[in-house]
Amino acid sequence: MCGIVGYVGKQKAVSILLEGLKRLEYRGYDSAGVCVLQGGKLDVAKKAGRVANLVKEAATHRLNGTTGIGHTRWATHGGVTDANAHPHVSSDGKFALIHNGVIENYAQMKRFLLEKGYTFQSETDTEVLCNLIAYHYAKEPAGNHGTNRFLESVRKALGHVEGTYGIAVLCVDYPSELVAARKASPLILGVGDEEYIVASDASALVSRTQNVVYLKDGEIVHLTPKTFSITTLDQADVSPVVDRITWSVTDADKGDFAHFMEKEIFEQPVALENTMRGRFSEDGSTANFGGLNVTAAEFRQIDRFLFCACGTAWHACLVTEHLIERFARIPVEVDYASEFRYRNAPLHSNTLFFVISQSGETIDTLAALREAKRKGYKALAINNVVGSSLAREADGGIYQHVGPEIGVASTKAFTSQIMVGAMVALYLARMRDMSFSDGVEYVNALKGAPALVRQALAQAPKIREIAKRYAKYHDMLFLGRLSLFPLALEGALKLKEISYIHAEGYPAAEMKHGPIALISDKCPSVFFAPAGDIFPKIVSSMQEIKARKGPIIAIVTEGADLPPGLADEVITIPHCHEAVLPMVAAIPVQLLSYYIAVERGCDVDKPRNLAKSVTVE
Ligand code: F6R
């Protein structure tokens, strides 16, 4: 969704802002803009469309100042137009503002400001906030109480806001200062060498510094080129904690890959190693987690788990459900975070609540966590982005440690979430009935996962050829059973989001209860058919499809003996332990979706209408 970057320092701001905006492109946006303070005035360049359009527009503005703000907008209030793009400037010309989030009471504030003579150029809620700051600035006599009038006007205006925001503000009367604040929208301060950068995402600042302060909700930061101070909305001083980002700018580059998605698919063996690192017990029979903040004794009291998430992370919850129930024999419920937050579900008293989220900023997932905590449940998070809102608000959790995921379609974060789920299942199982030797076998299987994923990735050339034959279809079904049913859902989601082919995922045996009506030579089916007890049942489902002329792509494990001619295409993945199978099975569907999207000429890393982290409802 929207991205923020702001700069105060010695360098020309515009190039740093545009570079930051390019690095934020992956989050999804529809327009972009910058504002630089120079010669006592605010110079704004903004354009609907890609950052590339903005770069051309900015080149016509001679932006030389060293203080500036930049924004990528994902439309909420008002259409995708140049006028609605940020930054917005107050009608008195004194303030420029960029904003992520939604101001819920903007209409009421707008009426008030119109009565006071303020005028508006856009349909956005952001412009209302910008004018509200100008209003408070005009009301406050200069130098009142020796405070910074710019900072205090922002603070006053924010005191009236209902909703969510990450903002950065410039004021013409304070030519080398910037004020930024957050409430439920991410904001990070980068502490550089006589320069500061604020950004909604570390990728926009990591090329200049790895030292960061993760701002908390209700905090306001005031920047000059040499100083920064953080206070709360209530004017209390905050002692900042400077953290270090553990990844560098090269991790956020595509390298030799055509797309971030492709890079991240091929990074999965390393990503899984990083997720596991240091998390097995010395005797090699169970998992250890540093930050759960739940003792073994407390875990023993837990009768059930509730997992909540959205999208791909929700599919990782479903796999985790299967693994915990199968190996630890503890009931698990999985809910969409967006549903859980409103449906007031009755929960068993000894329930432990978990959320899974790559970004840690998905608003529905955050709201579900807050709802569980409000009801008095302990709430843990499985999350990739260090210092995210979720990581801070959860009672404890497990970081995925897979580095930045830039491709909008989640790949390495998904398999790493399954890895964490598999480790949690092991930990719980070893506290109950799993024997030492079964634990050792399980641990060794997980340690072997990266090599098996590598073997599955070796099928890429074959899958690319298959993709060429299937890119012309308009509909596709993905079918799997047990722990691979969530993989069927994930395969369908991957395909639809990046190639715009309509796709559905079902448990294979459900197919005959309705979806079979869709089957014809125009609707291929992708089947997960691993060897095992259920294999003959999956073969029966395939035969039902074949009888109706449906093309079949079968993803089988070594040793699965398909009747000759049943499948039109066969992709073989290695035989794996049950806990590892979902990670390995993810590879062919990720590759198939990716190559089909490329074949159809789709913009894989920036699929239409999608945003990397969904921070509005
Ligand atoms: C799909 C995808 C989304 C996300 C979902 C949750 O490829 O990436 O479905 O999984 O928006 O995002 P996080 O995990 O950041 O909470």
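Start by selecting D173, which counts as partly exposed because its relative accessibility is 37%. Keep in mind throughout that this is a predicted model.

The side chains of D173 and K94 meet in a salt bridge, 3.2 Å from N to O. This pair ties together distant parts of the chain: K94 lies in the loop between β5 (88-89) and β6 (95-100), D173 lies in the loop between β7 (165-171) and β8 (178-183), and 79 residues separate them. K94 has a relative accessibility of 27%, so it counts as partly exposed too.

Next, pick R182 and D217. Their side chains form another salt bridge, at 2.8 Å from N to O. Is R182 buried or exposed? R182 is buried, because its relative accessibility is 2%. D217, at 33%, counts as partly exposed.

Time to zoom out and colour by domain. You'll want three colours: domain 1 covers 3-249, domain 2 covers 254-447 and domain 3 covers 458-604. Look at domain 1 and domain 2, whose centres, taken over C-alpha atoms, are 34 Å apart. Where they touch, 9 residues come from domain 1 and 12 residues from domain 2. About 900 Å² is buried between domain 1 and domain 2, and carbon and sulfur atoms give 61% of that area.

Which residues of domain 1 lose the most area to domain 2? Select Y26, Y214 and W247: together they account for 52% of what the domain 1 side buries. Between domain 1 and domain 2 you'll find 0 salt bridges, but there are 3 residue pairs in polar contact. The side of domain 1 that touches domain 2 is made up of 6 nonpolar residues, no polar ones and 3 charged ones.

Now jump to S388, in the loop between β19 (379-383) and α12 (389-393). With a relative accessible area of 1%, S388 is buried. Show the side chains of S388 and N383, and you'll see a polar contact of 2.7 Å joining them. Setting aside residues up to four places away in sequence, S388 touches S359, G360, E361 and N383.

Move along to helix α16 (residues 485-499) and select K494 and E490, which sit 4 residues apart, about one helical turn. K494 forms a salt bridge with E490, with the closest N and O atoms 2.6 Å apart. Are these two buried or exposed? Both K494 and E490 are buried. While you're on salt bridges, select E19, R23 and D253 as well: salt bridges that share partners join them into one network. In total, the structure holds 27 salt bridges.

One last stop: F535, in helix α17 (residues 535-546). F535 counts as buried because its relative accessibility is 10%. Beyond its neighbours within four places in sequence, F535 is in contact with A529, P530, A560, D561 and L562. To finish, draw a distance from F535 to L347: the two are 188 residues apart in sequence and 36 Å apart in space, C-alpha to C-alpha.

Note on methods. Residues numbered from 1 in each chain as written. Predicted model: local features only at pLDDT ≥ 70, side-chain atom pairs only at ≥ 80, totals over all residues. Heavy atoms only, no water. Domains from an automatic or database assignment. Contact = heavy atoms within 4.5 Å. Buried area = accessible area lost by both parts, 1.4 Å probe. Salt bridge = Lys/Arg side-chain N within 4 Å of Asp/Glu carboxyl O. Polar contact = N/O pair within 3.5 Å; in protein donor to acceptor, adjacent residues only side chain to side chain. Nonpolar A, V, L, I, M, F, W, Y, C, P; charged D, E, K, R; others polar. Helix = DSSP H or I, 4+ residues; strand = E, 2+ residues; numbered from the N terminus. Buried < 20%, exposed > 50% of the residue type's maximum accessible area, 1.4 Å probe, protein only.
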